[in-house]
Amino acid sequence: MDPIYFLETIIKILVVLLVFSALAGFTTYIERKVLAFMQRRLGPVHVGPVGLLQILADGVKLFTKEDFVPQNANKPIFMIAPVITAATAFIAMSAIPFLPEFTIGNHTVTPIISDVNVGLLFVLGVMATGLYGPLLAGMASGNKWALLGGARTAIQLLSYEIVTGLSILAPLMLVGSLSLIDINNYQNGCVTDWLLWTQPVAFILFLIAGFAETNRTPFDLLEHEAEVIAGYATEYSGMRWGMFFIGEYANLFTISFLAALVFMGGFNDLWFIPGGIAIILKVMLLIFFFLWTRASWPHIRPDQLMWLCWKVLMPIAVINIIVTGLVIML
Amino acid sequence: MGAHIEEKETTQTVIESDGYMTVHDGKYPDSRWKEFTQVMSRTLKTELFGGLKITFKNMIDALFRNEMHTIRYPVEKLPISPRYRAVHKLLALLESGNNRCIGCGLCEKICIAKCIRMDTKIDENSRKEVSEYTINLGRCIFCGYCAEVCPELAIVHGGRYENASEQRAHFVLKDDLLTPLDFLKDQKEYTGFGAPSDDADAKIQKTPLAY
Ligand code: SF4
Ligand code: SF4
């Protein structure tokens with residue numbers, strides 16, 4: 001294999017790993033700040049200027065905390081479960097084109113680790129295996145709260161996986177390709193070309209299912225603190241706990257990038273804004289929306305969650321696909 | 001999203017027989033069709049966006065209209081009422097700077113937690129002098145009896161409420177409590193236990209007899 005290509009891929013992998021691990025920390029900070037302002041509080045202020053070094057302090061805390069493994073836990077599985085969450089979250093990113101192509105010297109860099117022609121399918125598939133992280137953690141912990149959290153993981157992530165898949169099927173039928181770059185190029189006109197306008201229902205369904213798949217409030221029943229302490233993460237401490245959350249935030253970014261790519265024009269230029277900045281703005285907007293909903297909306301009960309998935313979202317997704325199919329045929 | 005499948009009211013009678021009442025926040029739908037219309041109306045009412053609007057408004061108010069609820073505690077402090085019973089102070093006589101305490105021992109006697117201890121002796125002028133006066137703040141319940149009973153208004157409650165200490169029982173000695181000579185001019189007179197607070201006028205409401 002071409003050594004330049006090999007080297008480039010390694011560098012890209014490192015950049016993605018580093019950038020998104022750091023972003024996970026930074027997003028916790030942003031999240032705390034945004035939530036604080038929405039509740040008229042200040043959030044972190046004491047460590048560093050406007051509390052910015054809080055990220056560092058949290059990192060130090062996570063790394064130096066005692067790494068606790070309960071006596072009756074299934075030790076190897078307990079120890080490996082957080083790695084699964086973090087790893088799958090990052091593997092899913094390998095097929096996402098984060099930015100448009102750019103050139104350094106006369107070498108063209110494509111900011112995607114691997115442009116597979118089934119990109120979208122790959123991302124969704126790998127994100128779905130992320131289910132094993134919380135599930136195994138919950139089952140291996142030897143703790144009833146964790147077990148309940150694990151059980152909820154199974155029902156929630158499995159169910160919403162279906163809604164994600166179905167909701168994204170309709171735009172795929174329009175584009176006719178699973179490659180995220182093709183999907184992006186399909187919308188290369190201006191705002192009017194966005195799939196958001198032709199597939200609004202799919203977009204809303206995708207956002208709801210995305211919330212559920214990243215365990216974000218109001219769908220964070222797997223670690224619902226008020227009911228099951230911290231669910232699957234009850235017994236975890238230190239960096240193992242941290243890895244779950246790096247995974248969660250990485251998934252948050254993956255879903256935001258997917259939504260931006262599939263529905264909001266991806267990295268195509270937006271009026272005068274160059275594509276690279278446009279997609280970052282879109283992702284930031286989506287992340288803000290994720291935080292905003294967390295501050296505003298209440299939790300739902302597990303039975304409501306299932307009800308919503310199977311009796312509302314799934315039928316709507318199927319109807320959406322049928323309508324799209326009919327429109328394409330006519 | 002806001003939809004419910006409410007549990008039907010089967011347990012309600014049992015609950016009510018215990019003297020409890022169930023609170024209804026509306027009528028439960030009793031047929032499939034009503035359930036459906038309830039779901040539809042809740043979905044289309046866009047209440048969720050109302051929630052988003054409220055939090056967004058709060059954020060704007062907090063950021064740009066300075067309506068923040070937090071105070072930066074160690075730097076800023078909330079004003080406390082003059083009647084607040086915090087750590088004790090021993091007041092000094094304004095004329096001489098001497099301790100006002102006459103060593104009568106009433107405070108020691110009344111103290112519920114038995115945390116005041118004082119030693120007295122007869123000094124060279126054949127007058128009673130307080131040689132040691134300690135309060136164990138680890139045991140004090142800040143009931144204020146000592147301040148109330150003191151005939152000389154010598155022991156009062158000050159405004160210092162940050163009592164954190166590495167010692168479980170942190171003794172406070174007379175020297176810590178007594179107003180130092182340099183600060184005598186800042187010493188606030190104690191209006192007496194149970195005195196109205198500064199802003200009492202603003203808080204007073206007319207009694208029915210006044211109408
Ligand atoms: S406040 Fe009450 S408990 Fe504390 S020293 Fe005075 S009398 Fe004793
Ligand atoms: S009651 Fe007052 S005067 Fe008497 S001993 Fe206590 S502090 Fe001194």
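1. Terms first. Ala, Val, Leu, Ile, Met, Phe, Trp, Tyr, Cys and Pro count as nonpolar, Asp, Glu, Lys and Arg as charged, and the others, Gly among them, as polar. With that rule, the lining of the largest cavity has 7 nonpolar, 6 polar and 3 charged residues.

2. Basis. This is a predicted model, in which local features need pLDDT of at least 70, side-chain atom pairs count only at pLDDT 80 or more, and totals for chains, interfaces and linings use all residues. Residues are numbered from 1 along each chain as its sequence is written, chains are lettered from A and ligands numbered from 1 in the order written, and side-chain values use heavy atoms, without hydrogens and water.

3. Cavities. On a 1 Å grid over the protein atoms alone, a cavity is a set of points where a 1.4 Å probe fits but cannot get out; a pocket is an open set with protein on both sides within 12 Å along at least five of seven lines; lining residues have an atom within 4 Å of a point. There are 4 cavities of 30 Å³ or more. The largest has a volume of about 150 Å³. Its 16 lining residues include A:G130, A:L157, A:E213, A:N215 and A:N251, which lie nearest the centre.

4. Second largest cavity. Its volume is about 90 Å³. B:C101, B:C104, B:C107, B:C150 and B:A154 lie nearest its centre, among 14 lining residues. That lining has 11 nonpolar, 2 polar and 1 charged.

5. Second largest pocket. It holds about 1200 Å³ of space. The lining has 42 residues, with A:T28, A:R32, A:W241, A:F245 and A:Y249 nearest the centre. Of the lining residues, 19 are nonpolar, 12 polar and 11 charged.

6. A:T88. This residue is buried, at 11% relative accessible area (buried means under 20%, exposed over 50%, partly exposed in between, with a 1.4 Å probe and protein chains only). Leaving out residues up to four places away in sequence, A:T88 touches A:V126, A:T129 and A:G130. Contact means heavy atoms within 4.5 Å.

7. Chain B. Buried residues make up 28% of its 211 residues. Of the contacts in chain B between residues at least 6 apart in sequence, 68% join residues at least 24 apart.

8. Ligand 1. Which residues come nearest to it? They are B:C111, B:C140, B:C143, B:G144 and B:C146, out of 13 around ligand 1 (near means a heavy atom within 4 Å). The shell has 10 nonpolar, 3 polar and no charged residues.

Notes
Points joined across faces, edges and corners; volume = space filled by probe spheres on them.
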